[in-house]
Amino acid sequence: MEFINLHRQYERIKDDLDQRLKQVYEHKNFIMGPEIKDLETKLAAYCGRKHALTCASGTDALILALMALKIGKGDAVFVPSFTFFATAECVSFLGATPVFVDSDDSFNLDHRSLLKAIQDVQNEGALKPRAIIPVDLFGLPADYDEIEKIAQKYQLHIIEDAAQGFGAEYHGKKTCGFGVISCASFFPAKPLGCYGDGGAVFTDDDDLAELIYSFRVHGQGKDRYDNVRIGLNARMDTLQAAVVLAKLEIFEDELCRRNAIAAKYTECLEKYYPVPFVPKSKSSCWAQYSLLAESEEQREEIMMKLKDKGIPTMIYYPIPLHLQTAFRDLGYEKGSLPVCENFSKHIFSIPMHPYLSEDEIHKITQALISAVNQEKIK
Ligand SMILES: *Cc1c(COP(=O)(O)O)cnc(C)c1O
């Protein structure tokens, strides 16, 4: 059994995908070919945004967003500590300072911890609070109502990191539609992935879109050989756009399948484990289905028992970012963000993709139940 089975999806889209790739080989516009514009139009429509600009990765999407907002040295950017490294890495990469925020019990950024972090930075006075990067962790949208209230009060930009959240909804509105700029990743393991690296930036603001367009290709002005600012080479390959276009055709059906599988997991497991909670106002795209063990030792035991039965599991994330070596200089200590530190000791994720069979789901849930049954969790 695979943690994410991309082969079954390939079998399904093979004919359409092969056709689309063949078209790219034939027109040979490998850089910024017609598939790029086509994909950008479809992505913008899907997320209800005025502009969608594809780029080379989710990390580049975040960097482009911060560059467009002119965030750099002396600026504080508030990020959850419980996320993938790139969320905070891009902040430091541009010379700004990530300020880490603790999690709530949905694994997402806790707005009370956010408020406190902003007030602490204000009181210290060394950094200028500029932006918040909420993450739609594991596919669940962050609490944008609360975050927007805080952002408004302190005049901060919101940059949505929807790298794991593409396709999810909050109050009926799609992710990649929150904040002034949103960022998506099409890394192969994300809910909508390509066959390599890829990403996209979303905004409704014409000026920001124009800036991002320029930064994406060496700070271009009227053309590629007129350079008006320092930028990057952050384009998405035409071939990758063709892959995303093929996958977008079946994406709604895949979302339904992910939700059905998550519902089945929850139904079977809720008596034995704390299961992910999805509030009425939200829908998840289930990038991950994560459970909490009672202790680090118990987690290790559960994961070993599943491994013995051929069931892979993963730990997202074993080290919260404020305790990562790369951020050592920021001076965080163990115990400073207790909720997410606790998650990293107890959390583990089980196989989640739209093509899990009934048999596989049964095998996984039975193995999880028997792993804890003797110990009677809850
Ligand atoms: C994957 C991911 C990214 C980075 O995306 P890449 O396409 O791998 O560069 C950023 N933030 C989060 C939360 C992610 O999960």
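Guide: A residue counts as near a molecule or strand if one of its heavy atoms lies within 4 Å of it. This is a predicted model, where local features need pLDDT of at least 70 and side-chain atom pairs pLDDT 80 or more, while totals for chains, interfaces and linings use all residues. Residues are numbered from 1 along each chain as its sequence is written, and side-chain values use heavy atoms, without hydrogens or water.

Visitor: In strand 9, what is the bridge partner of Ser-185?

Guide: Strand 8 (residues 181–185) and strand 9 (residues 199–203) run antiparallel, joined by five bridges. Ser-185 pairs up there with Gly-199.

Visitor: Which residues come nearest to the ligand?

Guide: There are 15 residues around the ligand. Coming nearest are Gly-58, Thr-59, Asp-161, Ser-185 and Lys-190.

Visitor: How far is a polar side-chain atom of Thr-59 from an oxygen atom of the ligand?

Guide: Polar contacts here are N or O pairs within 3.5 Å. Ser-185 has a side-chain N or O atom 2.7 Å from a ligand oxygen, and for Gln-164 a polar side-chain atom sits 2.8 Å from one. For Thr-59, the distance is 2.5 Å.

Visitor: What share of the ligand's area does the protein bury?

Guide: Taken alone, the ligand exposes 380 Å² (Shrake-Rupley, 1.4 Å probe). Of that, the protein buries 94%.

Notes: Pairing = 2+ DSSP bridges. Helix = DSSP H or I, 4+ residues; strand = E, 2+ residues; numbered from the N terminus. Polar contact = N/O pair within 3.5 Å; in protein donor to acceptor, adjacent residues only side chain to side chain.
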